[in-house]
Structure formats: structure tokens, C-alpha cells
Amino acid sequence: MDTVSPLEQALHAARALVLADLVAAHVAEADVVSLVEESVAQRRWWVEQWPDGAPFVAGLVAQDVQDALLERYGRWPLCPVCGSGGPHALDIAPELGPDPHWVCSEAGVRVAAVGALGTALGGGTATS
Ligand SMILES: [Zn+2]
């Protein structure tokens, strides 16, 4: 039995968290999932150079996917908090740190942890 390294666990967790948020926003199509894979592959290299950065990987993958989606799909994830004004995307905070959250920089609020966007979007995602 192989022991899974903390690095591998962090990459796994990042992939799962960002995929959960994509599913919550109904954009987890095959080509979108491959964007996540691409980002995880790049961040694997990055975190191998800097293992202390492992807790930051989820936030970085989320930002990579957000950037990639902006070109192909549009803004993601859209802010579920602001009722008025133009549609705008949530940001990741901290940009480089542990425990990343989606925040609305216009309203200045934390919306959800990365991986928990479903609850903020009211999708009724069951947490089993
Ligand atoms: Zn907002």
C-alpha cells in the first residue's frame, strides 16, 4: 500500500474542492474539468518546488480555473450576494494563503469557502 504524501493529498483536495464549486455552478462540463486537470498538473510542479505552499494550492487552482473560464466561458463564479448592479465574479481571498474563500470585493463579504460554493448558491447540495 502506498502512503499518500501530504503534497499529493493537497493536490487531490484542491481538485475535489474546485470541482465541487464547478458542479455547484453547473459548469462542470468535460472541457471545464480538463481545465482543472491542467491547473493541478501545473501546480504539482509548483508545489514540488515549494512544499510549504501545499495549503495554498486550492486557492491557486481556483484562480487558474477562474482565469481559464473567463476566456472560454465567462465570469465564474457569479456573485450570488449582490442583488443589484452588474453581474460580477467572486474573487479568491487570500490570493496566496491557506483556507481560501470566495469573496465579493464589491460588497466586501466572504461568500463561501472554496469547495462550499454550493451552499452559497442555494443549490441545496447535500453534505453527506
Ligand atoms: Zn457581489
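A residue counts as buried here if 20 or more other C-beta atoms lie within 10 Å of its own, as exposed if 12 or fewer do, and as partly exposed in between, with C-beta atoms placed from the backbone. The structure is a predicted model: local features need pLDDT of at least 70, side-chain atom pairs count only at pLDDT 80 or more, and totals for chains, interfaces and linings use all residues. Residues are numbered from 1 along each chain as its sequence is written. Helices (H or I, at least four residues) and strands (E, at least two) are DSSP runs, numbered from the N terminus.

Start with helix H2, residues 30–49. H2 has 20 residues and reaches 29 Å from its first C-alpha to its last. That is close to the 28 Å expected at 1.5 Å a residue, where the expected span is 1.5 Å times one less than the number of residues. Its buried residues are Leu35, Val36, Ser39, Val40, Arg43 and Val47. An α-helix has 3.6 residues a turn, so residues three or four places apart point the same way. What covers the buried residues of H2 includes helix H1 (6–24) and helix H3 (57–72).

Take H1 against H2. Their axes are 10 Å apart and the two helices pack at an angle of about 155 degrees. That makes H1 roughly antiparallel to H2. Axes are lines fitted to C-alpha atoms, for helices over the stretch in contact, and angles run from 0 to 180 degrees between N-to-C directions. Angles under 35 degrees count as roughly parallel, over 145 as roughly antiparallel, 65 to 115 as roughly perpendicular and the rest as oblique. The crossing of H1 and H2 is right-handed; a crossing is right-handed if the near helix is turned clockwise from the far one by less than a right angle, and left-handed if anticlockwise. On the H1 side, the contact is made by Leu7, Ala10, Leu11, Ala14, Arg15, Val18, Leu19 and Leu22. On the H2 side, Val32, Val33, Val36, Val40, Arg43, Arg44, Val47 and Glu48 take part. Two residues are in contact if their C-beta atoms, placed from the backbone, lie within 7 Å. By class, the contact of H1 with H2 has 12 nonpolar, no polar and four charged residues. Ala, Val, Leu, Ile, Met, Phe, Trp, Tyr, Cys and Pro count as nonpolar, Asp, Glu, Lys and Arg as charged, and the others, Gly among them, as polar.

Alanine 14 sits in H1. It is buried, with 29 other C-beta atoms within 10 Å. Leaving aside neighbours within four places in sequence, alanine 14 is in contact with Val40, Val57, Ala58 and Val61. Its C-alpha lies 9.1 Å from that of proline 55, 41 residues away along the chain.

Now turn to H3. Its 16 residues should span 22 Å at 1.5 Å a residue, and its end C-alpha atoms are 23 Å apart, which agrees. Val57, Ala58, Gly59, Leu60, Val61, Ala62, Val65 and Gln66 are the buried residues of H3. They pack against H1, H2 and strand S1. The axes of H2 and H3 come within 9 Å and cross at roughly 135 degrees. H2 and H3 are therefore oblique to each other. The residues of their contact divide into 11 nonpolar, one polar and two charged.

Most residues other than glycine have a negative phi, and most peptide bonds are trans. Histidine 26, in the loop between H1 and H2, has a positive phi near 60 degrees. Histidine 26 is exposed, with 9 other C-beta atoms within 10 Å. Aspartate 99 lies in the loop between S1 and S2, and its phi is positive too, about 55 degrees. With 12 C-beta neighbours inside 10 Å, aspartate 99 counts as exposed.

Tryptophan 76 is in the loop between H3 and S1. With 21 C-beta neighbours inside 10 Å, tryptophan 76 counts as buried. Not counting residues up to four places away in sequence, tryptophan 76 touches Ala25, Val27, Gln66, Leu69 and Ala89.
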